Amino acid sequence: LIFLAAPVLADCGDSIDGERVPCSCGDIVIADTRLQPDDPVVTEQCPADGLLVRAPVQARTVVVDLNGQELRGSGVGTGVRILRGGVEGATIVGGVGAAPGVIAGFREGIRSTRPDDLRLLTNVVVRESRDAGVVVRGSRASIESVRVEGNGGDGLRASGRSVDLSGLEAEDNGGRGVRDRARAGERDVTSQSNRVG
């Protein structure tokens with residue numbers, strides 16, 4: 001009998017023998033990850049989802065740092081879909097400093113529909129989605145310094161018990177700039193040139 005060792009499977013951003021595993025379209029992120037300019041999810045157009053975030057059951061959080069990079073879709077799927085964000089919720093950071101991360105050309109840019117799965121979305125531009133730019137259902141989510149523009153549906157759809165909006169800009173979206181069904185705290189929110197409202 002010959003026994004073959006099973007291949008070592010890793011998720012993007014993990015390290016195997018000291019080498020980082022690049023992130024590709026459709027990969028599942030289970031630990032803190034910072035995208036690099038040569039990751040396939042950055043250099044290629046995604047045929048469906050960009051990245052899926054699924055924290056391990058006992059994890060406190062998962063941080064996805066777009067590092068100023070752009071995820072580009074082909075009109076289907078979601079740019080960043082949060083399936084499970086951890087006990088404290090996931091954090092999606094566009095980048096450190098002046099350069100935001102960009103999510104463009106998916107069916108939806110960012111989607112988080114379980115109440116506690118998103119803690120923070122910051123410094124991101126979401127544009128050219130076929131439907132909504134950002135869809136979030138939150139109980140304690142914060143959306144800061146985010147721009148939603150040129151999306152086919154609403155720029156941002158918020159629902160749930162609490163979604164705080166700060167420094168949000170919504171422009172040239174095919175639906176409402178901001179459709180807010182959450183009890184949101186809104187500071188410095190601008191919405192202009194959208195088809196509705």
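A disulfide is counted here as a pair of cysteine sulfur atoms within 2.5 Å. In general terms, such a link is a covalent bond between the sulfur atoms of two cysteines. The structure is a predicted model, in which local features need pLDDT of at least 70 and side-chain atom pairs count only at pLDDT 80 or more, while totals for chains, interfaces and linings use all residues. Residues are numbered from 1 along each chain as its sequence is written, and side-chain values use heavy atoms, with hydrogens and water left out.

When the whole structure is searched, 2 disulfides are found. With bonded cysteines counted along the chain, their pattern reads 1-2, 3-4.

One of these links joins Cys12 and Cys23, whose sulfur atoms lie 2.4 Å apart. This disulfide is right-handed because the torsion about its S-S bond is about 80°. Cys12 sits in the segment before β1 (15–16) and Cys23 in the loop between β2 (19–20) and β3, so the bond ties together parts that are 11 residues apart in sequence. Strands, like helices, are DSSP runs numbered from the N terminus (E, at least two residues, for strands; H or I, at least four, for helices). Cys12 and Cys23 are both buried, a word used for under 20% relative accessible area, with exposed meaning over 50% and partly exposed in between (1.4 Å probe, protein chains only).

Another disulfide connects Cys25 to Cys46, with an S to S distance of 2.1 Å. This link is left-handed, with -75° about the S-S bond. Distant parts of the chain are linked here: Cys25 belongs to the loop between β2 and β3, Cys46 to strand β5 (residues 45–46), and the two are 21 residues apart. What about their surroundings? Cys25 has 21% relative accessibility and therefore counts as partly exposed, whereas Cys46, at 0%, is buried.

Attention now turns to the strands. Strands of a sheet pair through backbone hydrogen bonds, either parallel or antiparallel. Two strands are taken as paired if DSSP finds at least two bridges between them. The model has an open sheet of 7 strands with parallel pairing, in the order β3-β6-β9-β12-β14-β16-β19. At its edges are β3 (27–29) and β19 (178–180), each pairing on one side only. On average, neighbouring strands of this sheet are turned by 15° against each other, direction ignored; such angles run from 0 to 180 degrees between N-to-C directions, and the axes are lines fitted to C-alpha atoms, for helices over the stretch in contact. Within the sheet, β12 (residues 108–112) and β14 (residues 134–138) pair in the parallel sense over 3 bridges. Ile110 stands opposite Val134 in β14.
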